[in-house]
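User: I've got a model open and I'd like to learn how to read its features. Could you walk me through it?

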Amino acid sequence: MSSASTSQRIVPKTDYIEEKEDGEAYRKIDAEISGMLPNLPKEKGWASEDLVQYQGFWIHPTFALKAAVQLQHHFNLFQTTGSSTSAASGSLPMYFLATLPKSGTTWLRALMFATLNRSLYDAASPHHPLLTTGPHDCFPFLEMDNMLGNHDHSRPVTSLDHDHHDDRDGGDAMIDNYVPPTSTTQLFATHLPYSLFPKSVTTSSSTYGVSKFVYVCRNPKDVFISLWKFGSKVKAVNTGLAPFSLEEAFELFCRGVCPYGPYWDHVLGFWKASLEMPEQVLFLKYEDLRKEPSANVKRLAEFLGQPFSKEEESKGVVQQIIKLCSFENLSSLEINKTSRTQQYFVKANIVVENSDFFRKGQVGDWKNFFTDDMTKRMDQIIDERFSGSGLTFANP
Ligand SMILES: Nc1ncnc2c1ncn2[C@@H]1O[C@H](COP(=O)(O)OS(=O)(=O)O)[C@@H](OP(=O)(O)O)[C@H]1O
C-alpha cells in the first residue's frame with residue numbers, strides 16, 4: 001500500500017449516507033445531525049479540525065456524532081440477522097472493546113482477536129493473520145465502519161494485498177476481512193462513552209443477547225502525551241492546520257476537551273459500570289497488562305467466555321498470544337511499519353499510517369515531557385475527579 005505524502009491536504013468524505021442500503025433512514029439521521037450541529041458547543045480538534053460536545057462528551061462532528069445518534073435513536077440500523085454480513089447481528093451478543101483513544105486499543109484489538117480465534121489460528125503459527133493484518137483491520141470500528149458500510153465480509157483480505165491462512169485446513173483458505181471472532185459473537189471497537197450506549201445494548205435482558213464491554217484504561221499523563229504526539233501528526237497531514245503546542249494541548253486536556261473526553265468522565269463511566277455489572281464490563285489497566293500480562297490475558301479470556309484450559313496453559317498458549325501481540329513484535333512487522341490499511345480511515349480518505357499506532361508503548365513516558373507544574377496540576381485533577389471512586393492510578 002502506498003503512503004500519502006505528509007504535505008498532502010486530505011478532505012474526508014462526507015457522503016457516507018448514500019453508501020448505505022437504507023438511504024432514507026440514513027438521510028433522516030443526517031438531517032437530525034444537521035439540525036443539532038449549530039447548537040452544539042465546539043472546540044478545536046486534536047487530530048481533526050473540530051470537536052463538538054454531545055451529551056457531555058467531545059466527539060468528532062461527523063462520524064462519531066453520527067454513530068452516537070444512530071446508536072441511541074436508530075439502534076435497529078445496527079441489527080441484522082445472524083447470517084447477514086452487515087454491522088451487527090440481531091440475535092448475536094455484541095462484544096465491545098471500549099477505550100479512550102491512546103489507552104491501549106491497538107494492543108487489545110490484537111489480544112482479543114488472538115484470544116477469541118485461538119482455535120482457528122495458532123498464535124505461534126507463521127501464518128497467523130496478525131502477522132499480515134494490522135490490528136485495526138481485525139474487526140470493525142463502531143463509529144466509522146457503521147457509517148461507511150464497511151461490513152462486507154465477503155471481501156477477502158487480498159484486497160489489501162496480503163494473504164491469510166486458515167490453519168485448520170492446511171493453510172490455504174483465505175479469511176474474510178473483519179472476521180467475527182466466533183460464529184456466536186460480534187466484535188466491535190469503540191471509543192464512545194458508556195453513557196451514550198442505549199439500554200437495549202447494555203442490559204442483559206436485551207433481545208440481542210448479552211453485550212459485554214472490555215474497557216482498557218491508561219494513566220492520564222501517558223494518554224495525554226500519546227494523544228498529543230498522534231494528534232499533532234495526523235492533524236497536520238489531514239487538515240493542513242498547525243498542531244497544538246504542548247501547553248495548549250495540556251490546557252484543553254485539563255478542561256476535559258480531548259477526543260471522547262473528558263478523560264475522567266469516560267473512565268468513570270466504565271469504572272462504575274464494571275463495579276455494578278462485573279460480568280458485563282471488564283475493566284483492565286494498560287499498566288497492569290504491562291506488568292502482569294499473563295494474569296490479565298487469562299482474565300480477558302475468562303470474561304469473554306473462553307478460559308484457557310489446563311492443557312493450553314501447559315502448552316504455553318497464553319505466552320504465545322502475549323508474544324504475538326507484544327509491542328516489540330507487532331511494531332516490527334512489515335504490515336505495521338509500512339502500510340496504511342485501517343479500512344475505516346482509508347475509506348473516509350483520512351490518512352493514518354499503521355505505524356502511527358505504535359510509538360513507544362511504555363509506561364511513564366510522560367516524565368520526558370511534563371514540567372513540575374504540569375505534574376502538580378494533573379495530580380490535583382486526578383485527586384479531585386477520582387477521589388471516592390475506588391479507582392487509583394499507579395504513579396508510573
Ligand atoms: N502491542 C502494544 N503493546 C503496548 N502498547 C502498545 C501496543 N501497540 C500500541 N501500543 C501503544 O498504545 C498507544 C496507542 O494507543 P491506542 O492503540 O489506544 O491508539 S488508538 O486509540 O487506536 O488510536 C501508543 O502509546 P505511546 O507509545 O505512549 O504513544 C502505542 O505505542
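Predicted model: local features only at pLDDT ≥ 70, side-chain atom pairs only at ≥ 80, totals over all residues.

User: How many aromatic pairs does a search of the whole structure find?

Analyst: Rings of Phe, Tyr and Trp (its six-membered ring) pair if their centres lie within 6.5 Å; planes under 30 degrees apart are stacked, over 60 edge-to-face, and the rest tilted. Here the search turns up 27 aromatic pairs. Take Trp228 and Phe369: their planes are at 80° and their ring centres 6.2 Å apart, so we call the pair edge-to-face. Trp228 belongs to helix α6 (residues 220-239), while Phe369 sits in the loop between α15 (343-347) and α16 (372-386), 141 residues away. Helices, by the way, are DSSP runs (H or I, at least four residues), strands are E runs of at least two, and both are numbered from the N terminus.

User: Is Trp228 buried or exposed?

Analyst: Buried means under 20% relative accessible area, exposed over 50%, and partly exposed in between (1.4 Å probe, protein chains only). Trp228 has 14%, so it is buried.

User: What about a charge over a ring?

Analyst: The test is NZ of Lys or CZ of Arg within 6 Å of the ring centre and within 35 degrees of the ring normal. Arg109 has its charged end over the ring of Phe139, 4.8 Å from the centre. Likewise, Arg218 is over the face of Tyr286, at 4.1 Å from the ring centre.

User: Which residues come nearest to the ligand?

Analyst: A residue is near a molecule if one of its heavy atoms lies within 4 Å of it. There are 20 residues around this ligand, and Thr105, Thr106, Ser226, Lys360 and Gly361 come nearest. Helix α3 (residues 105-116) gives the largest share of the shell, 3 residues.

User: And polar contacts?

Analyst: Those are pairs of N or O atoms within 3.5 Å; within protein, one must be able to donate a hydrogen and the other to accept it, and residues adjacent in sequence count only if both atoms are side-chain atoms. A polar side-chain atom of Thr105 is 2.6 Å from a ligand oxygen. From the backbone, an N or O atom of Cys325 lies 2.9 Å from a ligand nitrogen.

User: How do I read a whole helix?

Analyst: Look at burial and at the ends. In α6, 17 of the 20 residues are buried, so this helix is largely enclosed by the rest of the structure. Asn219 caps the N-terminal end of α6, with a side-chain oxygen 3.1 Å from the backbone nitrogen of Lys221. After α6 comes Gly240, with a positive phi near 75°. Helix α2 (residues 63-73) is mostly covered too, with 9 of its 11 residues buried.

Technical notes:
Residues numbered from 1 in each chain as written. Heavy atoms only, no water.
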